[in-house]
Amino acid sequence: MKKYLLVFKLAVQSILQYRFNVLLYMLFGILPLVAILYLWIEIFRNKESINGFTLEMMITYVILAKVLEMALIPQIQWTIHDDVRTGEISKYIYKPVDYLLYWFSHNLGYKVTYLVASLI
């Protein structure tokens, strides 16, 4: 399990090396959220509720959906696809690590770092 914790730490360090990428990720993650929030504010401008939903409920839903999207939607399928296509998967098969756990740990490092950066 220590080797996967190391992979997690290396992914976090890798992301923090490229702080500008983190800044862009935060910016482009927040802009659509702000646009959707303004849309709902405008929709609810003259109404207290729509079909039993209030503006506060919609704002909570939108923010929660964005946080869950950032945390749960994996990008690992593209990495595995590229590894298989280019033959890079062979270097992981010969190592004493579980390929899926390796990439899960790596992806978790990215997700946690980006999630924390976006919440700041």
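Reader: Is H106 buried or exposed?
Author: H106 is buried, because its relative accessible area is 19%; buried means under 20%, exposed over 50%, and partly exposed in between, with a 1.4 Å probe and protein chains only. This is a predicted model, in which local features need pLDDT of at least 70, side-chain atom pairs count only at pLDDT 80 or more, and totals for chains, interfaces and linings use all residues. Residues are numbered from 1 along each chain as its sequence is written, and side-chain values use heavy atoms, with hydrogens and water left out.

Reader: Which helix holds H106?
Author: H106 lies in helix 6, residues 99-119; helices are DSSP runs of H or I with at least four residues, numbered from the N terminus.

Reader: And what is H106 in contact with?
Author: Apart from neighbours within four places in sequence, H106 touches V7 and A11, where contact means heavy atoms within 4.5 Å.

Reader: On to aromatics: how many aromatic pairs are there?
Author: The count is three, given that rings of Phe, Tyr and Trp (its six-membered ring) pair if their centres lie within 6.5 Å, with planes under 30 degrees apart stacked, over 60 edge-to-face and the rest tilted.
Author: One of them is Y99 with W103, whose ring centres are 6.5 Å apart and whose planes meet at 75 degrees, so this pair is edge-to-face.

Reader: How are Y99 and W103 placed along helix 6?
Author: Y99 and W103 are separated by about one helical turn, because they are four residues apart in helix 6.

Reader: Which residues form the aromatic cluster?
Author: Y99, Y102 and W103 form one cluster.

Terms used
Helices (H or I, at least four residues) and strands (E, at least two) are DSSP runs, numbered from the N terminus.
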